[in-house]
Amino acid sequence: MKLKQLEGLLGNLDQFPSPKIELEQYPTGAHIASRMLYTAENSYGDVSDKVVADFGCGCGTLGIAAALLGSDHVVGFDVDSESLEIAYQNAEDLELDINFVQSDIRNVEFRGKVIDTVVMNPPFGTRKKGADMDFLCAALKVASGAVYSLHKTTTRDHVRKTALQVCNAKSAEVLCELRYDVPQLYKFHKQKEVDIAVDLWRFVPSTAN
């Protein structure tokens with residue numbers, strides 16, 4: 001599947017009708033999601049025929065992108081039941097078989113297949129300090145191959161240090177810097193749209209071969 005085709009399909013997905021600020025719910029835009037998964041597949045072969053988990057999957061954008069790129073199996077984890085309903089419907093509309101599980105990311109249990117790759121757009125930790133690193137450490141415990149994640153560029157040094165020293169990653173690499181368009185979703189947002197610089201990271205867990 002070509003990048004533009006993938007972006008087009010992701011652009012038609014339903015997103016949060018009433019996002020919850022306490023969960024830092026922001027939609028992962030089609031532009032950024034398509035490039036994230038396309039890079040994971042075409043540069044590293046981490047999507048096609050792999051078991052992929054979408055951590056904090058929200059409305060399912062990243063997991064659906066993985067399924068469209070030929071994952072063997074996709075499972076999406078989120079603590080919010082309303083988001084999971086939307087994610088399930090989005091997958092159904094595209095006739096994709098994705099397993100969605102309601103779970104706190106710190107207590108993820110997935111019996112059965114070994115998860116090869118984790119993809120995620122975690123909370124930036126602006127509402128709940130450290131939430132981004134909670135996601136990262138949890139992902140690195142679960143993934144057997146690689147973790148792809150988005151983090152604010154301004155936190156780059158902190159993310160690298162935490163990944164290597166606290167979350168026990170074997171490697172932490174910024175693949176590229178992207179522009180994350182944050183729409184005016186909440187009352188405290190003064191501008192119609194804000195452009196945030198984010199890094200697309202690839203982490204390799206210490207247990208990877």
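A search of the whole structure identified five salt bridges, a salt bridge being a side-chain nitrogen of Lys or Arg within 4 Å of a carboxyl oxygen of Asp or Glu. The structure is a predicted model, in which local features need pLDDT of at least 70 and side-chain atom pairs count only at pLDDT 80 or more, while totals for chains, interfaces and linings use all residues. Residues are numbered from 1 along each chain as its sequence is written, and side-chain values use heavy atoms, with hydrogens and water left out.

Side chains of opposite charge can pair when their charged atoms come close. One of the salt bridges joins lysine 4 to glutamate 7, with 3.8 Å between the closest N and O atoms. These two residues are three apart in helix H1 (residues 3–11), so about one helical turn separates them; helices (H or I, at least four residues) and strands (E, at least two) are DSSP runs, numbered from the N terminus. Burial was assigned from relative accessible area, with buried meaning under 20%, exposed over 50% and partly exposed in between (1.4 Å probe, protein chains only). Lysine 4 is exposed, at a relative accessible area of 61%, whereas glutamate 7 is buried, at 16%. A network of salt bridges links Lys4, Glu7 and Arg35.

A further salt bridge is formed by arginine 202 and aspartate 46, whose closest N and O atoms are 3.0 Å apart. This pair links distant parts of the chain, 156 residues apart: arginine 202 belongs to strand E7 (residues 193–205), and aspartate 46 to the loop between helix H2 (30–44) and strand E1 (51–55). Arginine 202 counts as buried, at 15% relative accessibility, and aspartate 46 also counts as buried, at 9%.

Arginine 156 and glutamate 177 likewise meet through their side chains in a salt bridge, at 3.6 Å from N to O. Here the linked parts of the chain are 21 residues apart, with arginine 156 in helix H6 (residues 156–165) and glutamate 177 in strand E6 (residues 169–183). Arginine 156 is partly exposed, with a relative accessible area of 27%, and glutamate 177 counts as partly exposed at 44%.

Strand E6 also contains glutamate 173, which counts as partly exposed at 40% relative accessibility. The C-alpha atom of glutamate 173 is separated by 5.6 Å from that of tryptophan 201, although the two residues are 28 residues apart along the chain. When neighbours within four places in sequence are left aside, glutamate 173 is in contact with Tyr44, Leu200, Trp201 and Arg202, contact meaning heavy atoms within 4.5 Å.

Three aromatic pairs are present in the structure. Rings of Phe, Tyr and Trp (its six-membered ring) pair if their centres lie within 6.5 Å; planes under 30 degrees apart count as stacked, over 60 as edge-to-face and the rest as tilted. The pair of tyrosine 44 and tyrosine 148 is tilted, because the ring centres are 6.3 Å apart and the planes stand at 55 degrees. Tyrosine 44 lies in helix H2 and tyrosine 148 in strand E5 (residues 146–152), so the pair ties together parts that are 104 residues apart in sequence. Tyrosine 44 is partly exposed, with a relative accessible area of 31%, while tyrosine 148 counts as buried at 0%. Phenylalanine 55 and phenylalanine 77 form an edge-to-face pair, with 5.7 Å from centre to centre and 85 degrees between the planes. This pair also links distant parts of the chain, phenylalanine 55 being in strand E1 and phenylalanine 77 in strand E2, 22 residues apart.

Strand E2 (residues 73–78) runs parallel to strand E3 (residues 99–102), and four bridges join them; two strands pair if DSSP finds at least two bridges between them. Within this pairing, aspartate 78 stands opposite glutamine 102 in E3. Together with helix H4 (residues 81–93), E2 and E3 make a right-handed β-α-β unit. A crossover is right-handed if, with the strands pointing away from the viewer, the path from the first strand over the helix to the second runs clockwise.

Helix H5 (residues 131–142) has 12 residues, which at 1.5 Å a residue should span 16 Å; the end C-alpha atoms of H5 are 17 Å apart, in agreement with this value. The expected span of a helix is 1.5 Å times one less than its number of residues. Nine of the 12 residues of H5 are buried, so the helix is largely enclosed by the rest of the structure. Among the buried residues of H5 are Met133, Phe135, Leu136 and Leu140.
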